[in-house]
Amino acid sequence: MGRHERELSARAVEMTEVARQLRLMRHLAGLTYDQLAQATGLSTTKLYRAANGWRTPWPVVEAFVRGCGADPGIVHEQWRNAMSLPAGASFDVARIKSITTFTQLRDAMHELRIASGLSLRELSLRAGPGRLPRSTLSEALRGIAPLREDLVKAFVQALRLGHDQEAVWGAAWDRASRTGPAHQEVFQVVPSPHLLRALSDLALPEWHSLAKLVDSALDRHGQTSVTGSAAITPLEVSIDYHKDTDGRETAIVVRDRGLGMSHSELLESVRLGWTGSGSRPTSGFGFNVATWQLGHVVTVRTTRREAAAWSVLTLDLRALTYDAQWNAPMRLEPKQRQDEHGTEITIRELRNSRPRQIRQLRNRLGDIYSYLIREDRLRLALNGRIVAARLPCAWDAARTVQRREGPVSARQDIDVTLATVQHCENCSRSSALDATSCSECGSRRLVPLPHRVRGWLGVQRYLHSTDYGIDFYRNGRKILVRDKSLFTWSDDDTGEMSVEYPVELPGGQGRIIGEIHCDYVPVTWTNDAFVTDSSQWRGVVRIVRGQGPLGALQSQRLGYPLNTSPLAVLFRAYRRNDPGLRYLVPGDGMRAIHDRAREWGHAFHQGQPAFQSDRVWYDAAAAHDAHRSGITVDRGPENIQQFVAQQTTNQTVSGMDSGINQGDPSRRPRAVVHCEYMYEREARTTKQGRVTHRTVHQRLRVSNIGTSPADHLRINIEPVGEGNSPTIVDTRKGKPNVMVERLLDHTHIDFPIALTLDTAPQARLTARWEEDGEPFEVTQLINWM
């Protein structure tokens, strides 16, 4: 279904006739905007704007016309006449004369720039060297930097509107400057004492209040902008607890070296109730909840780099409660240096003066801001110590397990864009892509925002009863921590809910984890949950876990098609916890060593270098598969390595034959050769419509899971029972003999094979190699069927 064509109201009046011709051509061609976009290679947004009277470059207009099968010469003369007029010459002068505030002036300038079709770089070049820096103009139009008179004058002159227009815009700036916010000494900030009492009594953990203040700093700094434009330098935030001589905490100080706030922004950050849309982290409601949960007296010091002094505002909760005027004093403090900037929030008369568990607070904040910290977009310190990011202890994406459908990676990446909407920079609400103004506040400061779901799902290297689940992020901040709601299936017909994962032994322990970024999904004001009844959240769930049960049998029983979502694929491949490489679970040759694996996970989170890769876990799983009955293996990474190094020719793979050492019996090989039959399953549809599967990409994988290379490796394959050996690509004189001159440790090589009807179901593989000139030999059984 194509776009709905609204009544033509040209964005630039001079482009009206061109737009009317383009609409007529598209209508006669019978094309939708999507079809026209495919024919021209242009985006639907560009085509739609051209047909709605935006000032459009000729290549776009020409492609539009040719895509409709018409002659570009029909509209070329009209386009040239329209573009010869000054950009914005048709801008409503009466509207400019009605401007009284800087917000109105910014919106008008933003609209005029869009209508001109000129980029910030082009405007800067037109204005001349140093008169209109594009970065300064960008910040001024977004409200970050002040809108100076010389900036407005250079902007209008760069558009070449003429002296009359320059005078009109200059007068608009004068009116905005006269009616702007006066220099107030007192702000009225609180509407009701009952609301104040309710805010201070809400039961929220202390880390949540601190995180709310960090969120506000990030929002001011622009780090978590939904438009995706991150600041160049990381934001530095410090949290310090001050104590008295008795060891009791007397104050909490939160500092950031961000842009700082102006007078009006300071007022917004402390005003009670929702300001604007209420969804921004700087909303007064969230700020007051965070600060008054911690203490009774809050002092906010803030300044911008260009300001002459610090603005200091003090809020006393008890005084405001009993003051009928609801006034809060504000003063100015001189700067020590002119380049000072940022915000400092000091909270005194703390509600809880008992000593804090600083380590737990540091770990929690490192968990919540894990993504921003490891991406070097946030540098957070607590009591002078850096807060480290909590990293996921996941198997590497190169690790796979073999299933009927083929190898399944231990990491499933996700990157899906569901739709693109117009995002309002003024109130943060979304509108349709073809909207020209915000449906909530009427602002024209709209930017395209994709509804994008990205991230990954993976398998943790250890089992745990609570430390598993999916982390969901919004703008780099973790909203849901190790969420397990997607592991439960709800039947819409009966309303019954059943937990699908984990259900294997040991009971109640899981290892599926992940990180999903969904920046567009609305959150609650506490920033600890998404609005789960919203269509945006339902779209995320559909992408991550799909529709229907995760298991194949239950899907078939309930009449659902096979669930192919990333979570379902991972669930079917890794839901069991059997030791060995089949499910990537460490073992000691007899059983799974979950406790030891968790200890290694603890070492990983402590940052110990030996445990940062998954080699320790992989070696333990591989050693389990290679372990022979009667050999005792100690449970530890060093002992596992020792076990691997001590493997002699008495090497087996899951109950297979033993081998004999042909070299010095006192010498034990350091290489451990392991063979595995691998294949993939390919689906085909018959003429009758039935889906069948065939085995493809069959191969013999030869791995060295030891600690030393295997030189001059030869593997001879002998059938066991009736039948022949499979055909190996690398054969010598008709004998199925696999040869590798040098197989390095922790590497593998694949040999394509072909099974026939007369292939024996089993084969005995004899591997011979050398280490430092000494020969070794090992045998094992392998199943082809």
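Colleague: How do the residues of the lining of the largest cavity divide into nonpolar, polar and charged?

Modeller: This is a predicted model, and in it the lining of the largest cavity divides into five nonpolar, four polar and eight charged residues.

Colleague: Which residues lie nearest the centre of that cavity, and about how much space lies in it?

Modeller: The lining is made of 17 residues, and those nearest the centre are Arg390, Pro392, Asp471, Arg482 and Ile513. The elements that each give two or more residues to this lining are helix 18 (370–374), strand 14 (446–464), strand 15 (469–474), strand 16 (477–483) and strand 19 (510–517), with strand 19 supplying the largest share, three residues. About 120 Å³ of space lies in this largest cavity, and the count of cavities of 30 Å³ or more comes to five.

Colleague: Let us turn to helix packing. By what two quantities are two packed helices described?

Modeller: The description rests on the angle between the axes and on the distance between the axes. In this structure, helix 1 (residues 16–29) and helix 4 (residues 58–67) have axes that come within 9 Å and cross at roughly 25°. Since angles under 35 degrees count as roughly parallel, helix 1 is therefore roughly parallel to helix 4.

Colleague: Is the crossing of helix 1 and helix 4 left-handed or right-handed, and which residues meet there?

Modeller: The crossing of helix 1 and helix 4 is left-handed. From helix 1, Leu22, Met25 and Arg26 meet Val61, Phe64 and Val65 of helix 4, so that, by class, this contact has five nonpolar residues, no polar residues and one charged residue.

Colleague: At what angle do helix 13 and helix 17 pack, and how far apart are their axes?

Modeller: Helix 13 (residues 206–221) packs with helix 17 (residues 358–368) at an angle of about 50°, and their axes are 10 Å apart. The crossing of helix 13 and helix 17 is right-handed.

Colleague: Which residues of helix 13 meet which residues of helix 17, and how do the residues of this contact divide by class?

Modeller: On the side of helix 13, the residues are Glu206, Trp207, Leu210 and Ala211, and they meet Leu361, Arg364, Leu365 and Ile368 in helix 17. The residues of this contact divide into six nonpolar, no polar and two charged.

Notes:
Residues numbered from 1 in each chain as written. Predicted model: local features only at pLDDT ≥ 70, side-chain atom pairs only at ≥ 80, totals over all residues. Heavy atoms only, no water. 1 Å grid on protein atoms, 1.4 Å probe; cavity = no way out; pocket = protein on both sides within 12 Å on 5 of 7 lines; lining within 4 Å. Points joined across faces, edges and corners; volume = space filled by probe spheres on them. Helix = DSSP H or I, 4+ residues; strand = E, 2+ residues; numbered from the N terminus. Axes fitted to C-alpha atoms, helices over the stretch in contact; angles between N-to-C directions. Left-handed = near helix turned anticlockwise from the far one by under 90°. Contact = heavy atoms within 4.5 Å. Parallel < 35°, antiparallel > 145°, perpendicular 65-115°, else oblique.
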